[in-house]
Amino acid sequence: MASNLQIPYILWNKVPPSHDVAIMSYIEHLQILISGSSSGNLVIWRRKKDSDEFNPRLYLTPSLSQSAGSLIGLTIAQSPNEEISACSKYVLVSLHQDLRFRLWSLDDGRCVSISS
């Protein structure tokens, strides 16, 4: 049985890849900063404890095969159902130029749902 499963990942040392920031959001109670680029990629930054410094934690790419376009908006929401909440209590919701919403796990960066 053939599978189309793709597991993208990125590794970086102390400096994340180039990221042309178009939009940002800080979620104080989670101590994370999310930046979105004009190419549609997102970076989730975790605030260091007792510091104003942020470290990159996850680099998210909305599509491996076609362009989702620039990021239009993003927010954090509580997981809307059990299937999604199994991956994290909160999800990142992003909207791109292709006018599709994407739900991302804040635990591991997986895209858990894409609107049609």
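This is a predicted model: local features need pLDDT of at least 70, side-chain atom pairs count only at pLDDT 80 or more; totals for chains, interfaces and linings use all residues.
Residues are numbered from 1 along each chain as its sequence is written, and side-chain values use heavy atoms, with hydrogens and water left out.

Start with the whole chain in cartoon view. The protein has 1 helix and 8 strands, in the order β-β-β-β-β-α-β-β-β from the N terminus. Helices (H or I, at least four residues) and strands (E, at least two) are DSSP runs, numbered from the N terminus. Of the 116 residues, 37% are buried; buried means under 20% relative accessible area, exposed over 50%, and partly exposed in between (1.4 Å probe, protein chains only). Among contacts (heavy atoms within 4.5 Å) between residues at least 6 apart in sequence, 35% join residues at least 24 apart.

Next, select strands E1 to E4. They form an open sheet of 4 strands in the order E1-E2-E3-E4, with antiparallel pairing. E1 and E4 stand at the edges with a single partner strand each, so one side of each has no neighbour in the sheet. From one strand to the next, the twist averages 20 degrees, taken between axes that are lines fitted to C-alpha atoms (for helices over the stretch in contact), with angles from 0 to 180 degrees between N-to-C directions. Two strands pair if DSSP finds at least two bridges between them.

Go to E1 and E2. These strands run antiparallel and are joined by 6 bridges. Val-21 stands opposite Ser-37 in E2.

Select Ser-37, in strand E2 (residues 32-37). Ser-37 counts as buried, at 2% relative accessibility. Its side chain makes a polar contact of 2.8 Å with that of Ser-39. A polar contact is a pair of N or O atoms within 3.5 Å; within protein, one must be able to donate a hydrogen and the other to accept it, and residues adjacent in sequence count only if both atoms are side-chain atoms. Leaving aside residues up to four places away in sequence, Ser-37 touches His-19, Asp-20, Val-21, Ala-22, Ser-70 and Leu-71.

Stay in strand E2 and select Ser-35. Ser-35 is buried at 2% relative accessibility. A polar contact of 2.9 Å joins the side chains of Ser-35 and Trp-45. Ile-23 is 12 residues from Ser-35 in sequence and 5.8 Å from it in space, C-alpha to C-alpha.

Move on to E3 and E4. Strand E3 (residues 42-47) pairs with E4 in the antiparallel sense over 6 bridges, and Arg-46 stands opposite Asn-55 in E4. The two strands form a hairpin with 6 residues between them, where Asp-50 in the turn has a positive phi of about 55 degrees.

Finally, show the rings of Tyr-26 and Phe-54. The structure holds 1 aromatic pair. The ring centres of Tyr-26 and Phe-54 are 5.8 Å apart and the planes stand at 90 degrees, so the pair is edge-to-face. Rings of Phe, Tyr and Trp (its six-membered ring) pair if their centres lie within 6.5 Å; planes under 30 degrees apart count as stacked, over 60 as edge-to-face and the rest as tilted. Tyr-26 lies in strand E1 (residues 21-27) and Phe-54 in strand E4 (residues 54-60), so the pair ties together parts 28 residues apart in sequence. Tyr-26 is partly exposed at 34% relative accessible area, and Phe-54 is partly exposed at 25%.
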